[in-house]
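Hi everyone, thanks for coming along. Have a look at it first.

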Number of protein chains: 4
Amino acid sequence: MSFNTFGKIFRFTTWGESHGPAIGCVVDGCPPNISINETDIQIELNKRKPGQSKFTTQRKEDDKVNILSGIFGGKTTGTPISMIIYNKDVRSRDYETIKNKFRPGHADYTYFKKYGIRDFKGGGRQSARETASRVAAGAIAKKVLENKIGKKYKVVGAVTQLGILGCDEKNWNDKFISKNSFFCPDKSVIKIWEKYLLSIRKAGSSCGAIIQVRASGVPIGLGAPIYSKLDMDLASAMMSINAVKGVNIGSGMNAAQLTGEQNSDEIYNKGKKTRFKSNNAGGILGGISSGQDIIISFAVKPTSSILVTRKTIDKFGKNTSISVKGRHDPCVGIRAVPIGEAMMHCVILDHYLMHNAQCNS
Amino acid sequence: MSFNTFGKIFRFTTWGESHGPAIGCVVDGCPPNISINETDIQIELNKRKPGQSKFTTQRKEDDKVNILSGIFGGKTTGTPISMIIYNKDVRSRDYETIKNKFRPGHADYTYFKKYGIRDFKGGGRQSARETASRVAAGAIAKKVLENKIGKKYKVVGAVTQLGILGCDEKNWNDKFISKNSFFCPDKSVIKIWEKYLLSIRKAGSSCGAIIQVRASGVPIGLGAPIYSKLDMDLASAMMSINAVKGVNIGSGMNAAQLTGEQNSDEIYNKGKKTRFKSNNAGGILGGISSGQDIIISFAVKPTSSILVTRKTIDKFGKNTSISVKGRHDPCVGIRAVPIGEAMMHCVILDHYLMHNAQCNS
Amino acid sequence: MSFNTFGKIFRFTTWGESHGPAIGCVVDGCPPNISINETDIQIELNKRKPGQSKFTTQRKEDDKVNILSGIFGGKTTGTPISMIIYNKDVRSRDYETIKNKFRPGHADYTYFKKYGIRDFKGGGRQSARETASRVAAGAIAKKVLENKIGKKYKVVGAVTQLGILGCDEKNWNDKFISKNSFFCPDKSVIKIWEKYLLSIRKAGSSCGAIIQVRASGVPIGLGAPIYSKLDMDLASAMMSINAVKGVNIGSGMNAAQLTGEQNSDEIYNKGKKTRFKSNNAGGILGGISSGQDIIISFAVKPTSSILVTRKTIDKFGKNTSISVKGRHDPCVGIRAVPIGEAMMHCVILDHYLMHNAQCNS
Amino acid sequence: MSFNTFGKIFRFTTWGESHGPAIGCVVDGCPPNISINETDIQIELNKRKPGQSKFTTQRKEDDKVNILSGIFGGKTTGTPISMIIYNKDVRSRDYETIKNKFRPGHADYTYFKKYGIRDFKGGGRQSARETASRVAAGAIAKKVLENKIGKKYKVVGAVTQLGILGCDEKNWNDKFISKNSFFCPDKSVIKIWEKYLLSIRKAGSSCGAIIQVRASGVPIGLGAPIYSKLDMDLASAMMSINAVKGVNIGSGMNAAQLTGEQNSDEIYNKGKKTRFKSNNAGGILGGISSGQDIIISFAVKPTSSILVTRKTIDKFGKNTSISVKGRHDPCVGIRAVPIGEAMMHCVILDHYLMHNAQCNS
């Protein structure tokens with residue numbers, strides 16, 4: 001059971017509501033003697049922070065993290081690392097509209113039906129604000145992996161599709177990703193993406209996105225068949241992110257259309273190195289990492305809180321309609337990039353520890 | 001940790017290799033006083049059984065299940081249900097080819113690298129033969145859910161795409177699915193599918209497929225946010241099936257291309273019933289079931305054991321090539337239908353119990 | 001894996017060090033719609049609070065709890081309840097002595113050897129200060145159980161032996177327990193206990209204790225054989241408390257000396273009620289609650305931080321000796337009473353939910 | 001949740017009823033490349049086997065184990081090891097007496113109340129026959145630990161008290177233990193123990209026992225505070241054995257009577273080795289192994305199935321009495337010795353892997 005805990009050995013537990021006093025997480029199972037400070041975590045949090053461009057929500061949050069335990073003299077002690085982020089820009093008046101009405105596409109209805117009670121302020125626990133905690137946990141996982149594996153270990157995420165607009169993966173440029181408001185890896189599409197998203201915003205609408213996350217330098221052998229396969233846990237991790245509806249490993253859904261010889265990645269040795277001629281597998285075979293880059297893509301549905309009026313019901317069972325004002329991202333997918341990276345770090349570290357437990361003890 | 005165990009309250013543990021004496025599973029956490037017999041399980045196993053048409057492997061296995069514990073006087077006692085299926089048609093001579101060579105696209109290479117040892121006979125533990133155990137576990141979950149929820153509860157899976165050929169979901173016919181060799185729901189495409197797969201087979205190749213599984217009659221409120229979301233666990237379940245590379249919930253990857261108003265399913269009440277105008281959500285909002293049909297699709301990559309010669313290396317590091325004879329499915333995706341159904345049953349039962357634990361105690 | 005998490009469905013995760021900024025815990029899996037406020041928790045915390053009599057440590061801590069999430073409008077929402085307690089009376093200068101020396105009987109040596117790093121201030125994570133978090137979690141479990149089962153549900157703990165001095169269980173008086181500094185249930189021994197403990201304190205020494213915890217009103221059927229037996233989980237819970245070295249269920253270790261007819265509790269019906277002639281079983285048969293009072297006792301070893309000089313080594317491997325000044329309880333066992341009660345509440349609630357999941361869904 | 005599974009990384013799941021066709025277990029998480037064969041396991045099973053002396057049940061069972069998976073070419077592959085033991089000497093007619101009556105002290109009543117159904121034959125799942133599976137799992141853990149740690153790793157269990165009769169631990173002789181019917185470590189008491197147990201048997205009664213298990217050569221640092229402490233998991237392991245009512249680590253319950261200076265084990269270095277002047281801690285400090293011998297004792301209550309007539313009720317609620325004939329051990333504690341050893345192996349291996357995962361990766 002893991003209602004609010006993710007992971008097996010390296011585990012994090014998140015807590016907190018959008019408009020409560022604070023959110024936070026407790027990271028457990030972290031190896032000792034790893035140098036970590038608040039800045040390491042803040043750097044990652046800043047990537048996800050709202051209010052950074054006209055393309056994200058205008059809610060202003062510093063997302064300033066405080067470490068409350070588990071670090072001594074700048075190093076992890078192997079005991080739980082508790083982190084807290086205070087909520088600042090809480091405007092509860094914005095949420096009178098949704099107090100009694102269920103936003104279509106949102107979890108208002110199902111939370112209410114499940115629990116019989118619902119913190120409606122800013123979506124309460126449903127809010128994507130929870131993901132800040134994951135980014136904090138991911139920052140720790142990243143530091144551990146860089147310490148254990150070295151600098152060849154690297155995770156990069158990007159938005160590869162914005163609504164109906166794709167980009168050309170051949171133009172993928174790691175450095176460009178952090179230099180634009182979309183985490184887009186392809187410079188050539190930025191202008192059109194900007195126009196498109198502004199028009200979406202203007203229309204009081206929203207759009208979906210596809211995020212791709214790539215990990216390189218991952219050791220061979222991570223992944224525990226049958227029911228802790230690396231791809232299974234990655235799919236699970238990404239699907240746990242708010243609004244995600246689909247996950248692809250390597251060629252993903254497209255694998256259905258390939259023949260055996262198109263799909264299976266041929267293997268060869270060059271010097272002492274084992275190489276593959278292609279990477280349809282997305283770096284995972286039989287649930288175990290092959291040493292190739294791990295490549296995962298996931299689709300984020302369009303924000304459900306939109307200005308456009310939609311039909312719905314209220315908690316008393318009456319038919320009604322809703323138009324959500326508040327401050328919302330026109331494309332929540334954009335801010336999902338650092339979250340996807342964080343989840344990738346956490347899953348890889350978890351499997352790294354798991355693999356060593358069974359196979360390298 | 002759950003190397004070979006799936007589930008949280010309703011849990012099953014599978015064991016066994018393709019060419020060992022037997023395979024089996026232990027089902028734990030099953031509610032007591034549910035009538036179950038071997039026939040209930042055999043019916044489901046027979047759907048997955050190899051050698052049933054020219055479109056699947058010619059390996060002949062009865063897949064006859066024996067219940068060894070947990071049932072008393074025809075009813076579950078709440079104690080673990082152990083089931084065993086003996087392997088019959090084991091031809092180890094077929095596997096000399098792959099003893100030292102790694103099949104591209106297969107887990108030969110990663111298992112060897114992970115464990116330093118590999119049961120190469122029929123793929124050992126990597127073999128999809130393991131999935132028979134899941135089908136057995138799923139048969140039990142199905143019986144429990146039918147007992148608890150009643151006959152309105154129903155799960156149906158089908159192949160909706162075979163290689164490059166799709167079908168028309170508007171022609172979906174539950175009854176037709178079991179009457180053709182492809183678990184295809186659309187009668188109109190059968191002829192062309194047959195021709196296509198025979199040509200694939202003849203070419204010594206293989207193809208992928210997309211499977212869709214639909215569950216109706218699922219109660220509202222199942223799913224435990226944040227880290228046991230129903231869609232997260234379903235994605236995890238399907239991704240754990242051999243050769244699966246992508247998973248969609250509802251509109252899935254396609255959600256990226258929709259606008260907020262296209263995607264969010266409007267809600268209305270008709271009489272005392274709550275209804276939705278569409279089902280892009282695939283029956284799940286915020287990780288919790290909404291009462292709509294749960295719809296999940298997953299892509300199965302083409303069989304990696306093909307006759308077509310492919311470049312690879314052997315376990316000594318030498319470059320070589322391989323052509324796999326043996327008996328293999330030209331499209332493993334077909335036999336994934338009952339497996340997908342089984343996993344759906346297991347996840348839903350698990351969440352049904354979990355939900356009652358927290359919210360209905 | 002559960003390094004810092006306890007429980008299966010009702011779970012709590014604790015964090016924090018003795019001399020860090022704060023300690024706290026996250027309670028997960030709590031049923032929704034239960035009225036809980038900070039006062040409910042504070043009442044329990046106050047029982048464990050240090051500095052309340054001359055028989056406990058003189059460290060002054062308010063142990064004021066803040067709830068940061070999971071409660072909305074005074075009720076649980078089913079989402080994680082995060083609680084924080086700030087550390088106030090932190091005198092790090094007291095701990096220079098133990099910075100490099102390992103206190104015999106303490107975990108200084110093993111923490112250092114395990115992790116290669118150690119927060120020595122006040123024992124860091126080893127400190128019994130962590131138990132405040134458990135008491136907070138237990139307060140929530142108590143409220144839930146009182147809501148579900150009603151007022152017949154009751155848990156009472158007491159010190160039944162202080163060092164070499166026992167008490168007479170026949171004189172057990174629930175109300176008296178909270179009226180003396182020892183949580184002693186027998187008024188007749190108080191005077192001698194006081195004298196004894198003052199002499200221990202004066203000598204710069206410490207003594208052990210036995211704590212008994214009784215739960216009444218527990219429903220029949222809680223406990224999940226084989227590996228989540230109620231007694232197994234209770235033993236585990238109590239053994240997890242700092243300094244506990246032995247656990248008895250019912251007649252406990254003494255059961256070894258009984259014959260079958262002395263030990264087995266005869267059963268009879270009186271009216272519609274099932275009764276037992278004795279309670280050697282401590283309310284648990286085959287790992288399942290029988291409806292009798294659950295009775296568990298555990299031994300707390302004497303405080304290891306004593307003024308008496310003891311031989312030890314330092315972290316550089318040199319032989320040396322140590323005399324610990326600081327502020328320490330002459331008998332830590334006393335403050336273990338509310339902790340034992342808290343763990344009893346948590347285990348019973350966890351099994352209550354677990355039982356309903358499998359058997360009452 | 002772990003109804004029938006024990007362990008965290010090295011996990012075993014047991015299944016089967018006393019009078020069903022077979023019992024067995026699935027061992028998961030075992031490191032690869034360890035040489036194991038059926039004889040290794042049989043040797044341990046033979047120690048627990050019934051019918052070996054006049055002091056144990058006369059049920060005749062070979063307890064012949066078959067390995068069904070997870071071993072390839074004589075070595076573990078890292079995949080689940082399934083083992084099966086067929087039941088042979090099943091005389092169900094013996095159990096008509098207990099079909100409708102609840103044996104006092106037995107789990108008949110609580111199983112029936114919990115599940116509403118009960119396999120009464122030989123106690124069904126309640127039967128201590130389940131422990132054969134643990135011994136099989138323990139045999140595997142032992143082999144792994146001998147491989148990893150070397151021959152200095154050793155676990156020895158013995159009966160140190162039989163009913164009212166103790167033995168002198170100073171006479172403890174490892175070799176003598178296997179040479180007498182009681183697993184007694186002290187030759188000097190054998191004669192009187194024999195007489196005593198024969199008289200108990202003749203009287204149609206039974207008696208309890210205390211078992212002590214010692215592990216030497218255990219590395220420093222095993223045990224994961226706070227909620228996977230080594231002593232916590234050992235207590236849990238021993239308490240899960242049928243009929244166990246109390247558990248002591250080191251000085252155990254007796255620690256309550258000691259002063260701080262009596263109890264805390266002084267530390268010193270001799271050459272490069274760290275030594276302790278005593279072992280009241282039982283080899284565990286703060287839940288972590290110290291390198292000293294781990295010493296655990298547990299009490300097994302007297303067999304509840306006795307010839308002496310006892311008052312009870314039947315399943316229809318009527319008051320009645322019972323005298324159990326069948327074939328029962330006059331002291332089940334004796335056969336608990338190999339079970340206690342097995343659980344010790346399993347817990348130590350589990351923590352060995354866990355420790356390496358977090359601290360040696």
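So, let's begin with chains C and D: a rotation of 180 degrees, with 0.0 Å of shift along its axis, superposes chain C on chain D with an RMSD of 0.0 Å. Superposing here is by least squares on the C-alpha atoms of residues with pLDDT of at least 70 in both copies. The same surface serves both of these copies, as 100% of the contact residues of chain C recur in chain D. Contact, for this talk, is when the C-beta atoms of two residues, placed from the backbone, lie within 7 Å.

Some housekeeping before I go on. This is a predicted model, where local features need pLDDT of at least 70 and side-chain atom pairs count only at pLDDT 80 or more, while totals for chains, interfaces and linings use all residues. Residues are numbered from 1 along each chain as its sequence is written, and chains are lettered from A and ligands numbered from 1 in the order in which they are written.

Now for chains C and B. Chain C can be laid on chain B by a turn of 180 degrees and a shift of 0.0 Å along the axis, with an RMSD of 0.0 Å. The two copies are thus related as by a two-fold rotation axis. Which residue of chain C comes closest to that rotation axis? That's C:Ala357, with its C-alpha at 2.2 Å.

As for the contact itself, 15 residues of chain C touch 15 residues of chain B. Helix α9 of chain C, residues 332–359, gives the most to the chain C side, with 7 residues. Helices are DSSP runs of H or I of at least four residues, strands are runs of E of at least two, and both are numbered from the N terminus. By class, that side of chain C has 9 nonpolar, 5 polar and 1 charged residues. Nonpolar means Ala, Val, Leu, Ile, Met, Phe, Trp, Tyr, Cys and Pro, charged means Asp, Glu, Lys and Arg, and the others, Gly among them, are polar.

The axes are lines fitted to C-alpha atoms, for helices over the stretch in contact, and angles run from 0 to 180 degrees between N-to-C directions. B:Glu44, B:Lys47 and B:Arg48 in α1(B) meet B:Arg335, B:Pro338, B:Ile339 and B:Ala342 in α9(B). That contact has 3 nonpolar, no polar and 4 charged residues.

Finally, the sheet in chain D. How many strands form it? There are 5, in the order β1-β2-β3-β7-β4, making an open sheet with antiparallel pairing. Two strands pair if DSSP finds at least two bridges between them. β1 (5–6) and β4 (65–67) of chain D stand at the edges with a single partner strand each, so one side of each is left without a neighbour in the sheet. For β4(D), 3 bridges join it to β7 of chain D, residues 81–86. There, D:Ile67 stands opposite D:Met83. Helix α4 of chain D (residues 131–149) lies across β2, β3, β4 and β7, running at about 30 degrees to β3(D).
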